Amino acid sequence: MSGMVEKRGLGTWLTHGGLIFGIAVICFPIWIAFVASTVTQDDLVRPPMPLLPGPHLLDNYLEALLTGGAAPVWQMLFNSLVMALGITIGKIIISLLSAYAIVYFKFRFRMLFFWLIFMTLMLPVEVRIVPTYEVVANLGLLNSYTGLILPLIASATATFLFRQLFMTIPDELTEAARVDGAGPIRFFIDILLPMSRTNIAALFVILFIYGWNQYLWPLLITTDPSMNTVVMGIKQMLPTGDQTVEWPVIMATAMLAMLPPVLVVLGMQKLFVKGLVESEK
Amino acid sequence: MAEIKLESIRKSYGRTEVIHGIDAEISDGEFIVIVGPSGCGKSTLLRMVAGLESITSGDIHIGDRVVNRLEPRERDIAMVFQNYALYPHMSVFDNMAYGLKIANVPKAEIQARVAEAARMLELEPYLDRKPRQLSGGQRQRVAMGRAIVRKPAVFLFDEPLSNLDAKLRVQMRLEIKALQRKLGVTALYVTHDQVEAMTLADRMIVMNGGVAEQIGAPLDVYANPATLFVAGFIGSPPMNVLSHDIRPGRGALDPGAVIGVRPEHIDLVAPGAGLIDLDVAFCEPLGAETLVHGTTAAGDKLVVRIDGEVELPADGTRIGLSIDPARILVFDASGRRIET
């Protein structure tokens, strides 16, 4: 008996040890970045590298937020937020509407349109970036929020997801709504939207992170520092030539850039789980 | 004022015609049951009245309007679906009120009408619940409530009881009947269950293969089936069908013609003393009655329904069957009833 208990105890220790080791491996770089953002440049370059936080947290973060590199970080954070929210909300609206059209309305070439949308899955931003740049430049949208957001809004993935969801909603429900007198718009707002709530929440999280982490596109079309986004801004802060490198400020910027996606995930987690628990179809 | 008039209604999907011209007149406040086997077009017919299916040809009148081209909400109807089709994210109250809200009924009146329906259906304690927190019978009631609050000219029921267990089905059947009597609203009710049809209907439409085989009061249809199909479909166990005429003093039947006799119109007598003899295969005692199964000398299978307290004939024995010749019905080769 006691042997078994001991054995189980050992197993628990081993598995927990393994898990903790794994987490440590993943978290260590983030920890280093955090530590680097709380010390001075001199502390940082003098070996050994510090592994415990220093006293300069506030100085570094304030300098990053207010001065930053080419533009203050608060401005870049704001730009990122506008871009990420714009992409997320735009994508959700567009894909809800196109999925609604494809599932509930019979029109000519319906399947052709569906496959056209579906095919864009094969064309990520990077593949179509040169023609897209050309179009955006001709429209005079360089260095603008519209230019940052618009080309990234169309989403085959989200359209496909909503299409699958709508197809699971029983026809009788649609018919009941018709008998109740709900026209297409009322049905969409009163029935379909509430029933898609949890899927919208899940997509919001995924798409927000997608939008926030865009790097190549903002790098191309924002030449004006005041339009830089924070993810590309970090790279811009790295010095060229023989300028001195203010690593603590860069690390502080990196930490700040990580914060909003983490907050979105934590904030939406409840809705997520709630949606999973009370499945109501 | 809500008579319904169907005038040579036809429905085709592409080239396949599924409803071959149905005529019926339904008077105000009448409870009509459309009954038939699956695939006979009964649901399609109901959905055409509801406006959920287009009409290929013919006219549907509700009240004094032709409704062929009207949307469901303009037809002054309410429908109860087989799977209830409640809105899962809305409370019971909102489910019932939704149609009224769309119709811009004043809030106070919505409140009053829903409360009235909830009282009638004993749903008052559940008004704040979501459909998933209700039992099958309660959901069924909510679906009925949603139909009642709109005060429609016509109720349409599409197999509303088929998802309930047997006991609840009987109970809800009685409630539906009582409710329809009380409200006096014309009702069209689709079912494949002949017991439901017999018990609910003022008149029933027996459908088969896209045609109305017979329209009439349940007992009349039972006693005087117009076709062999109706004779076999209405009644359980179904009417016995024999391939040769057993009536005394009659010659042979026309080729393909048959005679039919209800199981309860046969009495057991001594062998040779009746119109025909039966070799008993087995008996099914059901308590109040007993079903005696057997084969005639000509090889036709036959069922006799006798009182449960009569002594059972042993399996394998031969008994005589006494039948009043007036109870025997004759059908021609096409299945039509013929008078002889």
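Predicted model: local features only at pLDDT ≥ 70, side-chain atom pairs only at ≥ 80, totals over all residues.
Residues are numbered from 1 along each chain as its sequence is written, and chains are lettered from A in the order in which they are written.

**Helix pair in chain A**
- Helix 4 (residues 73-104) of chain A packs against helix 11 (residues 197-212) of chain A at about 140 degrees, with the axes 8 Å apart.
- Axes are lines fitted to C-alpha atoms over the stretch in contact, and angles run from 0 to 180 degrees between N-to-C directions.
- Helices are DSSP runs (H or I, at least four residues) and strands are E runs of at least two, numbered from the N terminus.
- Residues in contact (C-beta atoms, placed from the backbone, within 7 Å) include A:Met83 and A:Ile87 of helix 4 of chain A and A:Leu203 and A:Phe204 of helix 11 of chain A.

**Chain B against chain A**
- Contacts join 18 residues of chain B to 16 residues of chain A.
- On the chain B side, strand 6 (77-80) and helix 2 (92-102) are the elements that give two or more residues.

**Annotated span of chain B**
- UniProt, in an unreviewed entry, places "domain: ABC transporter" at residues 4-234 of chain B; such annotations may be inferred rather than shown by experiment.
- Residues 4-234 of chain B are 36% helix and 26% strand, and the end C-alpha atoms lie 25 Å apart.

Key:
Contact = placed C-beta atoms within 7 Å.
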